[in-house]
Each structure stands twice: as C-alpha cells, then as structure tokens.
Amino acid sequence: MHEVGIIQNALDLALEQAQSSGATRLHRLCLRVGELSGAVPEALQFAFETVCRGTLAEGARLEIELVPAACWCARCRAEFKGATFSCECPRCHELSSELRRGRELELTSMEIS
Amino acid sequence: MCKECGCGQGGSVSYDGVPEAELHGVHPSPENAHDSHDRHGEHDGHGHHHHDHEQDHEHSHEHGHEHSHEGHTHEHQVVTLEKAILEKNDRLAEQNRGYFRAKKLLVLNVLSAPGSGKTTFIQKTVAAIKGQLRVGVIVGDLATDNDAVALRTAGVPVVQITTGTVCHLEAEMVARAMGKLDLDSLDVLIIENVGNLVCPASFDLGEQFRVVLLSVTEGEDKPLKYPPMFHSANVAVLTKCDLAEAAGFDREKALANLHRVSHHAKLFEVSARTGQGMNEWCAFLVHQREHAR
C-alpha cells in the first residue's frame, strides 16, 4: 500500500481545517483503518512522523483505530468475521460478496490548540 | 517511487519517447487541476495551501510547545472530522473516469503477470473489433516500445508509456498519455498495464473494466497467491488455453480458485493465437460499448 500518500493526504485535510479554525498546533490525529484497507498501521506511523516535520503537526501523535473485517452471510442472515478476500461463512461455507466493514480509511478526529 | 515495493527511484517516465518533463502538462480533463504541482501542495477541489513553516504565529515561542495549562488562551480542542482519506491516485482516477464516461469511452485496464499474453490478447482483440468499434491503446512497460510497435501493426493509434523503473501505471500517467490520443475519435480505449501481479492492483486508472489475465502455464493457485489483484478484477480471462494439455493444467481447480477470490468477475477462456473463445470476448466488448450510448 502507499502509506506515505495516504498519510500526506490525511495530514493535508486535517491541517487545512486546523488552520481555518485558527489553530497553531496539531497534537493528535485519529484515523480509522480497516483490516482490509491495505494500509499497514506501522507504515502509517512511520510515514506520519516524516510528513509532520516542519508543519503544525510536528511531534504529534497518530492514533489508529483498527476495524476488523466483517462480512454478511445472506443465507445465515448473520455477520461473521472475514479475514481474507474470499469471505467464506464459517457456518454454512457460502461465499459472501458483501463486506460490511474492513475497507475503511478515514480521518476521525484531531486535537488542536 | 512505488510505495508498494519501493521501485522507481531515479527513473523517469516517457510518453512515446517524450520525457514527462517535456510534456506541457497536457491533460484533456476539464479541470486541469493536476498538472505539474509538487505533491506537497496539491489539493483537487480544496484550493491550494502550503505547509510553510514561516506562517504568522500570534503566540510567541516563550510558551514553549506544551499548551496544556488550564486557563490558557489556546486550550486543546478535539475536532471531529469523519472524512474519507482518498489517496491522490484515487482522485485522479475518478477524474479520468468522469472524463471517459462523458466521452462514452469504454476503457479497459488489462493486467497480469509478465508473459501471460496481454499484448497478443489485445492485438487479436483489436484486429477483431476494429471493424465495428474505433480502438485506441495505451501500453505501459519499463523499457522498449516493442509492444506499441506490435500493436500499431493493427492500424490503430497506440501510445507507449515507458516508466523507467516504475512497476505499475498510475492515473496521472494515463491522463498524460490520453493527451496524445484523439479520444473523440475513439469508442474503446485499452490500457495494457505493466506485467506485475502486485502493485498495479492498488492503482485505479479510471477504467470501466479491470481485466486480469491468467495463463494456463502459470499454475492453478495464482489467484490464491495474489488475492488483491484477482479480487479487484471484474473480468478474468484464462489465456493460452491451447497449451492447457501440454502444461497439465487443472482447469477445474483454477476456476474454483478464481471463483473463490473473485466470484463476481465475468470469466472468459481464450486462446488468442488459435482464436478459441475470442468471439465471446469481443461480443461482450461490443455489447458493453453499445450500452454506453
């Protein structure tokens, strides 16, 4: 995955809003990252430290909320934990094409001052 | 640099031999929002802003960097954002997609491992449909224009992107290559990606159909080994079917594996060389383009 691009984008979005609300520092950035989004949390952390340098967010903390993958089985009418791209229901072994959670890549909140 | 595998450092991308730096930011897209910006300041639709360190600080630095004392004029504030983070390529790809739709252009992104038969498959496709549809091709390789030369023998416009060291095509490269084609005179645009089952999967180009090829000589478990690529396919093509017996290919197993990872993908089984299955594939394309009108 291309974590540097993702983090740069996230930071750009956050800083734009921070600046327009008159903040001079960004202390913490919170992301929601789905298990199947392709983004690796460690790589995001590493990228974050780098892209923050020289900005209002220098030294800020990155918090990542990891969202496990969840698929919907139409036959069982229930959710199950989906770990890979094939989403096989552990109860009935039907292949599900409905991934309800796990692909998120979102900016949830930030702490500024 | 490809953040997937780190390749692409120190190389440079060319379009029919013209280095990127010499292209004058030609983008057919109406916004023209993404020519020649350094990525640090880019923001489609958000205007531009720069992270210059020398911005006005109303607060002097004698406060230090700890702003956590109470009663201070700048207390910490938690701001809810709830915004999707779209990576730069995704935004550019959506721009491409919008443009293609407006032009009613059927666009295919053809991917596979190196040597699966992309070029021959595209060559034969073009030869078969060019009587009914006007086709253009963009082909990406690290080096040489061999594929473009081969494809041009079909008598259709072809742009060769040589990426230098980059292992995949990106939306921006496609946007630049489009500038070298007269898209108004085309019905179908086929993009032959760099042969690679890993990195190209992460880069949307704005295509309507992502066509992933698997040749019978590659083994039945390829789809299981490269799930992101096969999962992202909306068309899967089994190629070189004329060699299946010689390769001891287990067709049932391969189809089961493909189904497991990409059961939503439409499947075609072909031999571009003998012509087996090519009629069904071409009929599908013609039908898809007809629907766009």
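Rings of Phe, Tyr and Trp (its six-membered ring) pair if their centres lie within 6.5 Å. Keep that cut-off in mind for the first exercise. The model is predicted.

**Exercise 1. Find which residues of chain B are linked by ring pairs into a cluster, and classify two of the pairs by the angle between their planes.**

Step 1. Start with the search. Over all chains, the whole structure holds five aromatic pairs.

Step 2. Name the cluster. Ring pairs join Phe121(B), Phe209(B), Phe268(B), Trp281(B) and Phe284(B).

Step 3. Take Phe268(B) and Trp281(B). Their ring centres are 5.4 Å apart, and the planes stand at 70 degrees. Planes over 60 degrees apart count as edge-to-face, so Phe268(B) and Trp281(B) form an edge-to-face pair.

Step 4. Phe268(B) sits in strand β10 (residues 266-269) of chain B, and Trp281(B) sits in helix α9 (residues 278-292) of chain B. The two are 13 residues apart, and the pair links distant parts of the chain. Both Phe268(B) and Trp281(B) are buried.

Step 5. Now take Phe268(B) and Phe284(B). The centres are 5.2 Å apart, with 55 degrees between the planes. Phe284(B) is in helix α9 of chain B, 16 residues from Phe268(B).

Step 6. Check burial against the cut-off. Buried means under 20% relative accessible area. Phe268(B) has 7%, so Phe268(B) is buried. Phe284(B) has 10%, so Phe284(B) is buried too.

**Exercise 2. Describe how helices α1 and α2 of chain A pack.**

Step 1. Recall what is needed. Two packed helices are described by the angle between their axes and the distance between the axes.

Step 2. Read both values. Helix α1 (residues 3-20) of chain A and helix α2 (residues 41-52) of chain A meet at about 55 degrees, and their axes are 9 Å apart.

Step 3. Name the arrangement. The angle makes α1(A) and α2(A) oblique to each other. The crossing of α1(A) past α2(A) is right-handed.

Step 4. List the contact residues. From α1(A) come Glu3(A), Val4(A), Ile6(A), Ile7(A), Gln8(A) and Leu11(A). From α2(A) come Ala43(A), Leu44(A), Ala47(A), Phe48(A), Val51(A) and Cys52(A).

Step 5. Sort them by class. The contact has ten nonpolar residues, one polar and one charged.

**Exercise 3. Is Ala113(B) buried or exposed, and what does Ala113(B) touch?**

Step 1. Locate the residue. Ala113(B) lies in the loop between β4 (106-111) and α2 (118-129) of chain B.

Step 2. Read the area. The relative accessible area of Ala113(B) is 8%, so Ala113(B) is buried.

Step 3. List the contacts. Leaving out residues up to four places away in sequence, Ala113(B) touches Lys118(B), Gly195(B), Asn196(B), Leu197(B) and Glu218(B).

Step 4. Ala113(B) and Leu214(B) are 101 residues apart in sequence, yet their C-alpha atoms are 7.7 Å apart.

How values were computed. Residues are numbered from 1 along each chain as its sequence is written. Chains are lettered from A and ligands numbered from 1 in the order in which they are written. This is a predicted model: local features need pLDDT of at least 70, side-chain atom pairs count only at pLDDT 80 or more; totals for chains, interfaces and linings use all residues. Side-chain values use heavy atoms; hydrogens and water are left out. Axes are lines fitted to C-alpha atoms, for helices over the stretch in contact, and angles run from 0 to 180 degrees between N-to-C directions. Helices (H or I, at least four residues) and strands (E, at least two) are DSSP runs, numbered from the N terminus. Angles under 35 degrees count as roughly parallel, over 145 as roughly antiparallel, 65 to 115 as roughly perpendicular and the rest as oblique. A crossing is left-handed if the near helix is turned anticlockwise from the far one by less than a right angle, and right-handed if clockwise. Contact means heavy atoms within 4.5 Å. Ala, Val, Leu, Ile, Met, Phe, Trp, Tyr, Cys and Pro count as nonpolar, Asp, Glu, Lys and Arg as charged, and the others, Gly among them, as polar. Rings of Phe, Tyr and Trp (its six-membered ring) pair if their centres lie within 6.5 Å; planes under 30 degrees apart count as stacked, over 60 as edge-to-face and the rest as tilted. Buried means under 20% relative accessible area, exposed over 50%, partly exposed in between (1.4 Å probe, protein chains only).
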